[in-house]
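Here is a short briefing on one chain.

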Amino acid sequence: MASGVQDFNRTESDRLNEIKGHLEIALLEKHFLQEELRKLREETNAETLRQELEKERQRRLELEQKVNEVLKARAEEVPATQQATKPQTQANGTDKRSHTVCSRLQKWFCDKFGEYVEDFRFQPEENTVETEEPLSARRLTENMRRLKRGAKPVTNFVKNLSALSDWYSIYTSAIAFIIYMNAVWHGWAIPMFLFLAILRLSLNYLIARGWRIQWSIVPEVSEPVEPPKEDLTVSEKFQLVLDVAQKAQNLFGKMADILEKIKNLFMWVQPEITQKLYIALWAAFIASCFLPYRIIGLAMGLYAGIKFFLIDFIFKRCPRLRAKYDTPYIIWTSLPTDPQLKERSNATVSRRLQTAASRSYVGSNAPTGINKDEDTSRFHTTKRGNFHEVFNLSENERPLAVCENGWRCCLINRDRKMPTDYIRNGILYVTENYLCFESSKSGSSKRNKVIKLTDITDIQKYKVLSVLPGSGMGIAVSTPSTQKPLVFGAMVHRDEAFETIFNQYVKITSASSNSES
């Protein structure tokens, strides 16, 4: 009974210590952010901006004074000129009439065309900076719904085109095919498209007036509209941001793939593909020089109709036939993107390195031979230099194959009290005997951290903030030299890193125990 009470008290004390650790992390992060905010405020030159503003105000006042003085001088000169010219105007009435006629014409011209002349006056361009809105979950959901509603007409149009090409409705596709081919044959393709645009605008006008008209091949499916939530929890907001980030990532990835393929097509990345486009452009240029445009338009229109209504339908139903004979599809799918080109170049380099390593391994029996591990470790470098020199290790120590480039993370050392030493951003490596952290800030190597795997007493997955959903993105490592575990947080590939570190830790500890026994 007494042992059970002691275990219960121990678990309660462990929970309290864990909660205390979370609170300490949050407070230290708050203190760190406050220090960063204070530094940013000190860096802003508020005083210089105020001085420049005062100078501009003084210049404006001086200009206003000069303008007022000029206006007063002109007002004093006008009566004097009138008194001097009064006897002359009385003596000569014809000059007076001509002067009044010229003034009236000048006034009429200024009234009629002065506004247009002012429009053509050059003015310096004003550089306006748009204010960015702060991140808000409600605003985020509203913008998502606006984007979905705005893209709905475009998606419906694409769905209707694909339905026509797939012969979703046989009668509709047959009628559209006959009308299109007849219009192209008689040279009415452009009037037909313009008439369809006018018809679509007319239907939109009737729909805006309250008419219920559905002109769509594919029946529209009404999606349930979720009522917006007023108050979202922290986990719901975080999940919402993750969903939006995932959708934006996929959308930007598709757009980047399209743009990179077009760029690689015109930059001769794959000459055999660009050569086909080059020959086709020359053939089109020669045909446009010798053939009349009516024949060219007729040929292009007939090919587009047959391709859209018949050939694409057959190719979609027969994927093997499409993979063999659909030239535009073959060209587009075979065009590489930049990541694919990078993977190919890396694979080529790795093959060359493997070939060179095998050759050096074959010739390692010679007296001038070099060990393979030593040779590869010498050439492995980080951003700051050679790996063994950065961490002050032997030349045999190099990162494992899984983490040659390392994992980006932040080291949270809860033993430190200063905010600059509490959190460090950097890269984590795992070697055969060590766990190495390279700080991203420039400076001495004292900011780096090297932990011997045999000195680790405990390693486990860690969640820095319990309010966030998921199992966390950190790894906690306990050593005898630290009072509190070192936390490597903000790791995107946390599970992969944990498995690698844990497996190497078990391997080293078991090997050391066997050697001792």
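A nonpolar core is a set of buried Ala, Val, Leu, Ile, Met, Phe, Trp, Tyr and Cys residues joined through side-chain atoms within 4.5 Å. Buried means under 20% relative accessible area, exposed over 50%, and partly exposed in between (1.4 Å probe, protein chains only). This is a predicted model: local features need pLDDT of at least 70, side-chain atom pairs count only at pLDDT 80 or more, and totals for chains, interfaces and linings use all residues. Residues are numbered from 1 along each chain as its sequence is written, and side-chain values use heavy atoms, leaving out hydrogens and water.

**Core**
- The largest nonpolar core has 22 residues. Those with the most contacts inside it are L428, L435, I459, I475, F488 and M491.
- At least two core residues come from each of β3 (407-412), β4 (423-430), β5 (434-439), β8 (474-478), β9 (486-489) and α16 (494-516).
- α16 gives the largest share, five residues.
- Beyond its neighbours within four places in sequence, L428 is in contact (heavy atoms within 4.5 Å) with G406, W407, C409, L435, C436, F437, F488, M491 and I501.

**Whole chain**
- The chain has 16 helices and nine strands. These are DSSP runs, numbered from the N terminus: helices are H or I, at least four residues, and strands are E, at least two.
- Of the 517 residues, 20% are buried.
- Among contacts with a separation of 6 or more, 55% join residues 24 or more positions apart.

**Cysteines**
- The structure holds zero disulfides (pairs of cysteine sulfur atoms within 2.5 Å).
- C289 is partly exposed, at 47% relative accessible area.
- C318 is partly exposed, at 34%.
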